[in-house]
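User: I am new to this structure. Please walk me through the terms used for it.

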Amino acid sequence: MRDLTVRAEGLRQVFDDPDIGEVVAIDELSLEIQAGELTALVGPDGAGKTTLMRLLAGLLKPAAGSLTVLGTDVLKHPQAVQDRISYMPQRFGLYEDLSVQENLDLYADLHGVPPDQRKERFGRMLEMTDMARFTDRPAGKLSGGMKQKLGLACTLVRSPDLLLLDEPSVGVDPLSRRDLWAIVQQLVDDERLSVIISTSYMDEAERCARVFVMDKGRILADGTPAALTAKAAGLTFTATPPAGTPARELQARLIDHPSLVVDAVPEAGRVRFIRQPDADQAKCEALLGDIRTAPRAEELEDAFMMLLRQQQDEPPQSPASQAAESDADVPMPPRDEKPVIVVRDLVRKFGDFTAVASTSFDVGRGEIFGLLGPNGAGKTTTFRMLCGLLPATSGQLEVAGRNLRTARAQARAKIGYVAQKFALYGNLSVRQNLEFFGGAYGMRGRELAGRIKNAIAQFDLDPSAQSGLLPAGYKQRLAMATGLLHRPEILFLDEPTSGIDPLARRAFWRTITALSKEGVTIVITTHFMEEAEYCDRIAIQDAGEMLIIGTPAEVREKAAAGADGETVRTMNDAFIAVVEQNRARHDRQRAAA
Amino acid sequence: MIAVASFSRLVALTRKETRQMLRDRSNLVVGLVLPAVLILLFGYGLSFDVTDARVAVVLEDSSPVTLNAVAGLAGSDYLSPIWMHSMPEAEAMIRAGEADAILRVPSEFTRDLSHGSGTLQLILNGVDSNTAQSIEGYATGAITNALEHLADRGDARFGDAGGITLVQRTWFNEAGTSTWFLVPGLIVLVMTLIGAFLTSLLIAREWERGTLESLFVTPVRPLELVLSKLAPYLVIGAIDLVMCLLAAKFLFHVPMRGSLWIIVLSSMLYLLVSLAMGLWISGVTRNQFAASQMALLASFMPAMMLSGFVFDLRNVPLVVQVISQALPATHFMSLVKTLFMVGNYWPEIAKSVVILSLYGVLLIWATRRTLAKRLD
């Protein structure tokens, strides 16, 4: 009993939503968490991870059930528990007008850290987060990854008996994500800290001693990562598409057959897929035809996808699988060799600060082009210039055959833009939003009505639903439908998959694949490195510089060539290697100068 | 030990609030510059004192006696006469707003005066009742003075200035009433302003930025949060109070008949109530925009309209009287006016201090409840 940090029995949490009514966030949940180890809560968006964290922190009062944290009834004595734990909410509340040091001081004072311990602790935190240089900087002026690290440092100004981390790596680039984990890992090793961490990254869950898979407020499965991974044993394969076919087209074919295939994702020019356990052997062979497949070792991600698919009430009708049919009347834009986006020596400065330095690249028609980079790399700035939302300081910029300096309005009519945040009117219905944005693009009458009808069918939307109340995945679809209403040649998507669960992300990429087949050019930014595998070409930016550009395979090769000794297996590894090699080169140059 | 920990948390939080307050320029503009502007605006700009009011003097009788009688108008700092000969002409002027009053000297004035019953007609533009009343006073004074001078010089006919009756009538607003204690009332307004515009944002801002969620899961107690948010703004309010008192004494020469210490202490008590009111609204709404709108409507506007600052509460309907009695501002308004004009009238002081203290305790308790470390 002494070694249990958390014990929950029949826990139930219900929220009253004025629009939807009663929402069950935690449903008859019971669990036991061991002390002194790393425990992960994984699950799609809306699984109840955050609600469970808040219950553990004594911030919510459940409708039913009992909950003991560190041997104390947290429902009766929340303050007693709060005195002993440290909690980092998803959005850590840094005081943006206070400096890094002042934020640390505040939390140290609140936790009553004695002055003699403080010096040692701060020194260690600042060293681990690599922020010793920035102690005077206001927290609001830090990049997203740095803010997250400072949040963690503030949470860890003292050694708590239990550390709760709620999705600390959401919206954080791979480098900062690695740093965050290094800090947590070190504390677990040094101090035998009990940590509960919620995450949507499976590679993070794999580092934990025990994993709880949550969905719809319940625990689907729990166990060590190895035990969970074993659920997918014997079902995982890699398929190699015929030469000349992009992996994503094979991936699309496989994922369109949910009765046979649990999941499929492109990787390194091939497709990783999971077979349904009870799939008919003959049908599988018919689907694959003469495509070469090879078994591969199962991973936690595979088991997770299997668990989630089993929970789905009905096999997903991927909205874009019919896209090609419903839009058959659209004349296909000719696939020619002339690039649709031409960028030459593009520069953007904000005062003394160079956000984008001398960048050049082309994007061909129908290509999926991925723009990757750590937080603050200049992705968003590049993106905004391409969309004509921000004038360039210098350089040439041609989009859809128009020069953005002289013909911005004409260029804009040819592009669609889906912003990172939900930028539609939440209190309008789906149809009203489509009508409004269609009108804004100058469409009206029958033409508009026809296109709205198509869009609703293509994206499988409910026209009378209130936009603001849609689940995240559907909001994404509506945003895409809106951005595509005027049939743009180029679609710009800024981090479209942040905060969307894995199943919705699969459906999203299925739509992108279909659009690209129709000849729409896609430019996309993302933090999920595995999504880069869907792209024809990717570019990696850091500190405003274009570091590398090429197909995912080329990028991986180059990264592996430059990395001495370190293994570059996934796109995530490649990304880290490319950025670090470049930063090391800069450091050497600075040292030489 | 517990008390020490609590105190050091309170110090840490207060330091944080003070830093946040000082780093946002707009706080200082609203907290210090706006009160200074209000003092000058209400003290000078909105003064009801009249200078160079235009009086159309219609001389239907232009005997030397008459001219002497009205000559006093020209010598007044407050009035500037416009000489004319026909009544319709003067009426046209007052209608057009070119004259503030008409002084009519009827053709039989000299004759009646010698019989001891001279009558002058003064017509006032009652659109602005305060100005009208002032002009009445100045005109009567000026004419009476002039006649007394004549009498002193031995002109027997003017032996008794009382022989003249000035018959006046106010146009456009027959009642013409106004009550008036501008500068003491200004203290109420300024103290209310800080609560309404500054502290009303504090808790809502922490909700909006998500900083409370992190703060809740620390040993911090709700009451510590409330007190740390009050402290820096009490200092701002104290500075404003000193500004108001200095202006009252040295710029506007308002009498200060009650004791200065009681004025200061009761003002600080009301300041606390006003700040706590802003905080409570902030904690209830959890949204900066809603909080500032609410605070404006629920504390600042009523303090201006319903506390007896502009309108005399004795003349308002019962419903409004009930509402105004529920406002802390009303009680402090009557206290501060009494302290300035009447002096240390203890029953009034005791009553108001008790009421304000109750409000203070109630609001701080209610605010503490809005920070009950719960997210639902």
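**Reading the fold**

Analyst: Chain A holds 20 helices and 24 strands. Keep in mind that this is a predicted model.

User: How do you know that the size of chain A agrees with a compact globule?

Analyst: Compare two values. A compact globule of 593 residues would have a radius of gyration near 25 Å, and chain A has 25 Å, so the two agree. The C-alpha atoms fill a box of roughly 70 × 65 × 50 Å along the principal axes.

User: What share of the residues of chain A count as buried?

Analyst: Of the 593 residues, 45% do. The cut-off is 20 or more other C-beta atoms within 10 Å of a residue's own.

User: Why are α15(A) and α17(A) called roughly parallel?

Analyst: Helix α15 (residues 430-440) and helix α17 (residues 472-484) of chain A pack at about 25°. Angles under 35 degrees count as roughly parallel. Therefore α15(A) and α17(A) are roughly parallel to each other. Their axes lie 9 Å apart. On the α15(A) side, the contact is made by V430(A), N433(A), L434(A) and F437(A). L478(A), A481(A) and T482(A) of α17(A) meet them. The crossing is right-handed.

User: What makes β2 and β5 of chain A edge strands?

Analyst: Start with the order of the open sheet: β2-β1-β4-β5 in chain A, with antiparallel pairing. β2 (21-34) and β5 (72-73) each pair on one side only.

User: How do you know that β4 and β5(A) pair?

Analyst: Pairing takes at least two bridges. β4 (residues 64-69) of chain A and β5(A) have two, in the antiparallel sense. So they count as paired. In β5(A), T72(A) is the bridge partner of V69(A).

Conventions: Residues numbered from 1 in each chain as written. Chains lettered and ligands numbered in written order. Predicted model: local features only at pLDDT ≥ 70, side-chain atom pairs only at ≥ 80, totals over all residues. Helix = DSSP H or I, 4+ residues; strand = E, 2+ residues; numbered from the N terminus. Rg over C-alpha atoms; globule rule 2.2 N^0.38 Å. Buried ≥ 20, exposed ≤ 12 C-beta atoms within 10 Å, placed from the backbone. Axes fitted to C-alpha atoms, helices over the stretch in contact; angles between N-to-C directions. Parallel < 35°, antiparallel > 145°, perpendicular 65-115°, else oblique. Left-handed = near helix turned anticlockwise from the far one by under 90°. Contact = placed C-beta atoms within 7 Å.
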